[in-house]
Amino acid sequence: MALREIFKFGDDILRKKCREVTAFDEKLWQLLDDMAETLQSQDGVGLAAPQVGILRRAVIIDVRDGNGVIELINPVITETEGVQVGNEGCLSAPGEWCEVERPQNVKVKAFDRNGKEIEVEGNGLLARAICHELDHLDGVLFIDRVKQDIPKRS
């Protein structure tokens, strides 16, 4: 495993739409392992492949709830419910925090690292993290989701 560079706001790669993963192979596994190590080194909650310079639809999430790292390949949100507003940051924007509205609950279909279809349900922080990381796959940043009528907190 290796630490990967995290691209910062202003880098063009963060605004690009990612392509689907088609090969569930050692190259993908290495990427996921590197992303997990990078995430842990930064004490983050989630990381998307474009944040480390790879334009593929892959994210990892670890909300430190005892369930470990969740890997989502080619994820698609299938259901949302409720609303939460909370302070949100990003490893691509160190020190920046904004109030963002997200669903309280989400369901997502995806594939695991071996190409097996999975379904993940999340609420609260996990739902927020899923939405945040999946946005990265379409070139959307959390600052794009800031509601003008919600005051920012530091």
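A pocket is an open set of points on a 1 Å grid over the protein atoms alone, where a 1.4 Å probe fits, with protein on both sides within 12 Å along at least five of seven lines; its lining residues have an atom within 4 Å of a point. The model is predicted: local features need pLDDT of at least 70, side-chain atom pairs count only at pLDDT 80 or more, and totals for chains, interfaces and linings use all residues. Residues are numbered from 1 along each chain as its sequence is written, and side-chain values use heavy atoms, with hydrogens and water left out.

**View A. The second largest pocket has a volume of about 280 Å³.** Volume is the space filled by probe spheres set on the grid points, which are joined across faces, edges and corners. The lining consists of Arg-4, Val-21, Thr-22, Ala-23, Asp-25, Lys-27, Leu-28, Leu-31, Ile-54 and Arg-56. Five of these residues are nonpolar, one is polar and four are charged. Here Ala, Val, Leu, Ile, Met, Phe, Trp, Tyr, Cys and Pro count as nonpolar, Asp, Glu, Lys and Arg as charged, and the others, Gly among them, as polar.

**View B. The largest pocket has a volume of about 410 Å³.** Strand E4 (84-90), strand E5 (93-102) and helix H2 (125-136) are the elements that give two or more residues to its lining. Helices (H or I, at least four residues) and strands (E, at least two) are DSSP runs, numbered from the N terminus. Of the 22 lining residues, Val-45, Gly-89, Cys-90, Leu-91 and Trp-97 lie nearest the centre. The lining divides into eight nonpolar, eight polar and six charged residues.

**View C. Lys-8 lies in the segment before helix H1 (26-42).** Lys-8 is partly exposed because its relative accessible area is 37% (buried means under 20%, exposed over 50%, partly exposed in between; 1.4 Å probe, protein chains only). Not counting residues up to four places away in sequence, Lys-8 touches Leu-14, Leu-91, Ser-92 and Pro-94 (contact: heavy atoms within 4.5 Å). Lys-8 and Cys-90 are 82 residues apart in sequence, and 9.3 Å separates their C-alpha atoms.

View D. A disulfide is a pair of cysteine sulfur atoms within 2.5 Å. Cys-98 is in no disulfide, and the nearest cysteine sulfur, that of Cys-90, is 11 Å away. For Cys-131, the closest cysteine sulfur is also in Cys-90, at 14 Å, too far for a bond. Cys-98 is buried at 5% relative accessible area, and Cys-131 is buried at 7%.
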